[in-house]
Amino acid sequence: MSTLEIIGGIAILILSFLTIVICLSQEQKSQDSMTAALTGASADSFYGKNEGRTKEAILAKVTRAMAIILFVIVLAVNIIPIFTK
């Protein structure tokens, strides 16, 4: 094993753990869309208008970014050793 593979493996473990923790800290999404459709309730509230700035939105963005970084690191750890032989 090369040093790059070891560093990549450690990075994968840390990012995986952090992604799991962030996913578990998010709240579940409610299934109120059917009720709103039947009753005519409006989802246009202050909370709905500022949805991008809430804690849940920030956690969703961080989760998405960490998943992309994790995917790139996994590919790099598996592809780079092929070209270094």
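This report describes the fold, core, surface and selected residues of a predicted model.

## Overall fold

The chain holds 4 helices and 0 strands, and read along the sequence its pattern is α-α-α-α. Helix 1 covers residues 3–25 and helix 4 covers residues 55–83. Helix 2 spans 33–39, and helix 3 spans residues 46–49.

Among the contacts in the chain with a separation of 6 or more, 87% join residues 24 or more positions apart. Of the 85 residues in the chain, 15% are buried. The accessible surface comes to about 7100 Å², and carbon and sulfur atoms account for 69% of that surface.

## Confidence

The average pLDDT of the chain is 80, and 72% of the residues score at least 70. Confidence is highest in helix 1, at a mean of 91, and lowest in helix 3, at a mean of 58. Where pLDDT is low, the predicted coordinates should not be read in detail.

## The nonpolar core

The largest nonpolar core has 6 residues: Ile12, Leu15, Ile22, Leu59, Met66 and Leu70. Helix 1 and helix 4 each supply at least two residues of this core. In soluble globular proteins, nonpolar side chains tend to be buried together.

Leu59 is one of the core residues. Leaving aside residues up to four places away in sequence, Leu59 touches Ile22, Ser25 and Gln26. Ile22 is itself a member of the core.

## Around Thr63 and Gln26

Thr63 is placed in helix 4. Its relative accessibility is 14%, so Thr63 counts as buried, the cut-off being under 20%. Beyond residues up to four places away in sequence, Thr63 is in contact with Ile22, Cys23 and Gln26.

Gln26 lies in the loop between helix 1 and helix 2. Gln26 has a relative accessibility of 27% and therefore counts as partly exposed. With residues up to four places away in sequence set aside, Gln26 touches Leu59, Ala60 and Thr63. Gln26 and Glu56 are 30 residues apart in sequence, and their C-alpha atoms are 6.4 Å apart in space.

## Other pairs across the chain

Glu5 is found in helix 1. Its relative accessible area is 24%, so Glu5 is partly exposed. Glu5 and Ile80 are 75 residues apart along the chain, with 8.9 Å between their C-alpha atoms.

Val72 belongs to helix 4. Val72 counts as partly exposed because its relative accessibility is 48%. Val72 and Ile12 are separated by 60 residues along the chain and by 10.0 Å between C-alpha atoms. Ile12 is one of the residues of the largest nonpolar core.

## A nonpolar surface patch

Met1, Ile6, Ile10, Ile14, Phe17, Leu18 and Val21 make a nonpolar surface patch of about 740 Å². One of these residues, Ile6, is found in helix 1. Ile6 has a relative accessibility of 43% and so counts as partly exposed.

How values were computed: Residues numbered from 1 in each chain as written. Heavy atoms only, no water. Buried < 20%, exposed > 50% of the residue type's maximum accessible area, 1.4 Å probe, protein only. Contact = heavy atoms within 4.5 Å. Areas by Shrake-Rupley, 256 points an atom, 1.4 Å probe, with all protein chains shown as cover. Core = buried A, V, L, I, M, F, W, Y, C linked by side-chain atoms within 4.5 Å. Patch = residues over 30% accessible without salt bridge, like charges linked within 9 Å, V, L, I, M, F, W, Y side chains within 5 Å. Salt bridge = Lys/Arg side-chain N within 4 Å of Asp/Glu carboxyl O. pLDDT = per-residue confidence, 0-100.
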